[in-house]
Amino acid sequence: MGKYLEAIRKELDYAYEVEMPKIDEWTKIDIQHIIGKILVRIIGKMIVGNPVCRSDEWLDLGFTEDFVSASILMRLLPTWMHPIFTNIIPQRWRLRKGIKTVRKIISPAVTRHQEANKKRAQGMEVDEEDSMLNWILDNADEEAISTNLAQMVLVMFVPAAHTTAMAISNVLFDLCAHPEWAKGLQDEITNANKEFGLIGEKLPVKDWTSQLELLDSFFNESQRLSQPISITPNRYAYENVTFKDGLTIPKGALIGFVAIHNQIDPEIAPNPEVFDPMRSYRRRHSSPDEKDKHLAGQPSKENFAFGYGSQACPGRNYAIAVIKMVLSRMLLDYEFKFVEGHTKPTKYHLMEFIIPDPTAKLMMRRRKVA
Ligand code: HEM
């Protein structure tokens, strides 16, 4: 994890420079688009490495939107119609094109890694950056690599970039709705910079971002009220399961937990309608036994936002570190507020997916620090 986070940290310097507008006066911006671009770059760095993650083809893939909308469309249709519609809907054409594009752009990286491995086998030292693509090449079986490498890359990319970008946008929307928290979060980041240097300078990314307890708690509250998937975890019964009380889940059944219900249950979150960003901070500090619980990214029976159990989101610790890494820069460098007359964007429910209004804009300017 450490080496991938370090790669992300370095790419963030570049992505931030390229994507963040340099604006000193209040300007209306499409914050979701900007953060989305940054995330495609930095998650791309972790998955496929540089130069692929900086290529126009990678940046313009737009795969996630088509992936989600195709899955929604197909599920609205009866299964017997799938073979017909799979060839008709434009999202599926674009997905196929996306797979072809990824196959083409990762091909030089695959060759480079194979050559590096050959040199290593001959005892030579090779200076090669790590990526998840290299990990797949070294660990997946040959048949899977020859038939499905591009799909494997995309299956990692789809859940990673978009959800994390949306989480960052949601934190900014919540901060605009509750601007009184901005100073506390900024002070915490400034103190971490003073005590531990900039991210990754003296402390590895994971340890540095762990220092941001207020931001951790703020994110938890933001995610409680704006989680991206309403029904999770989802499981498929491979065999009949009978519980002690006689309830039987038949083989082949799909089971989904209504995760958003947990988030509004007063037994789990008292006064659930109140945005209370220090909820988990207070719980953690309520007794020494609670100190390591209630952290962002920790699945529990109270928080299903990252799923639960052995199949809970494997990227959750990356997500939290990345969210803090990006926000710790943005909150120090910029100020945000809603466009005059606007409040927190409407949430749209598309089957189990929940997204903030994609057209929502924010006002932003560079912070004037005395
Ligand atoms: C805020 C950001 C994220 C959220 C809210 C999120 C949420 C989830 C949820 C709810 C699941 C299903 C878990 C279950 O069934 O128990 C999941 C699965 C998954 N996530 Fe994430 N995720 C995020 C970021 C990431 C990142 C950054 C990565 C990769 C680095 C990632 C990779 C995956 C993968 C590969 C799976 C499928 C695991 C499996 O089927 O075994 N996710 N995620």
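Me: Which residues of helix H14 do Ile31, Ile35, Leu39, Ile42 and Met46 in helix H2 meet?
Reply: This is a predicted model, in which local features need pLDDT of at least 70, side-chain atom pairs count only at pLDDT 80 or more, and totals for chains, interfaces and linings use all residues. Residues are numbered from 1 along each chain as its sequence is written, and side-chain values use heavy atoms, without hydrogens or water. With contact taken as heavy atoms within 4.5 Å, the H14 partners of these H2 residues are Tyr318, Val322, Val326 and Met330.

Me: How many nonpolar residues does the contact of H2 with H14 have?
Reply: Ala, Val, Leu, Ile, Met, Phe, Trp, Tyr, Cys and Pro count as nonpolar, Asp, Glu, Lys and Arg as charged, and the others, Gly among them, as polar. In the contact of H2 with H14 there are no polar and no charged residues, and the nonpolar residues number nine.

Me: Is H2 oblique or roughly perpendicular to H14?
Reply: The two helices (DSSP runs of H or I, at least four residues) pack at an angle of about 130°, and their axes are 12 Å apart. That angle makes the orientation of H2 to H14 oblique.

Me: How does H9 lie relative to H14?
Reply: The axes of H9 (residues 182-196) and H14 (residues 316-333) come within 9 Å and cross at roughly 110°. Angles under 35 degrees count as roughly parallel, over 145 as roughly antiparallel, 65 to 115 as roughly perpendicular and the rest as oblique. H9 and H14 are therefore roughly perpendicular.

Me: Which H14 residues do Leu185, Gln186, Ile189, Thr190 and Asn193 in H9 meet?
Reply: The H14 side of this contact consists of Leu327, Ser328, Leu331 and Leu332. By class, the contact of H9 with H14 has five nonpolar and four polar residues, with no charged ones.

Me: Which helix gives the most to the lining of the second largest pocket?
Reply: The second largest pocket has a volume of about 410 Å³. Helices H11 (213-225), H12 (259-263) and H13 (279-284) each supply at least two residues of its lining. With five residues, the helix that gives the most is H11.

Me: Which residues are the closest to the centre of the second largest pocket?
Reply: By class, the lining has five nonpolar, 10 polar and eight charged residues. Of the 23 residues that line this pocket, the closest to its centre are Arg224, Ser280, Arg283, His294 and Glu302.

Me: What is the phi of histidine 294?
Reply: Histidine 294 sits in the loop between H13 and H14. Although this residue is not a glycine, its phi is positive, at about 60°.

Me: What is omega for the cis peptide bond that joins threonine 232 and proline 233?
Reply: Proline 233 lies in strand E2 (residues 231-236). Another cis bond runs from asparagine 50 to proline 51, with omega near 10°, and proline 51 is in the loop between H2 (31-47) and H3 (56-59). For the bond between threonine 232 and proline 233, omega is about -5°.

How values were computed: Axes fitted to C-alpha atoms, helices over the stretch in contact; angles between N-to-C directions. 1 Å grid on protein atoms, 1.4 Å probe; cavity = no way out; pocket = protein on both sides within 12 Å on 5 of 7 lines; lining within 4 Å. Points joined across faces, edges and corners; volume = space filled by probe spheres on them.
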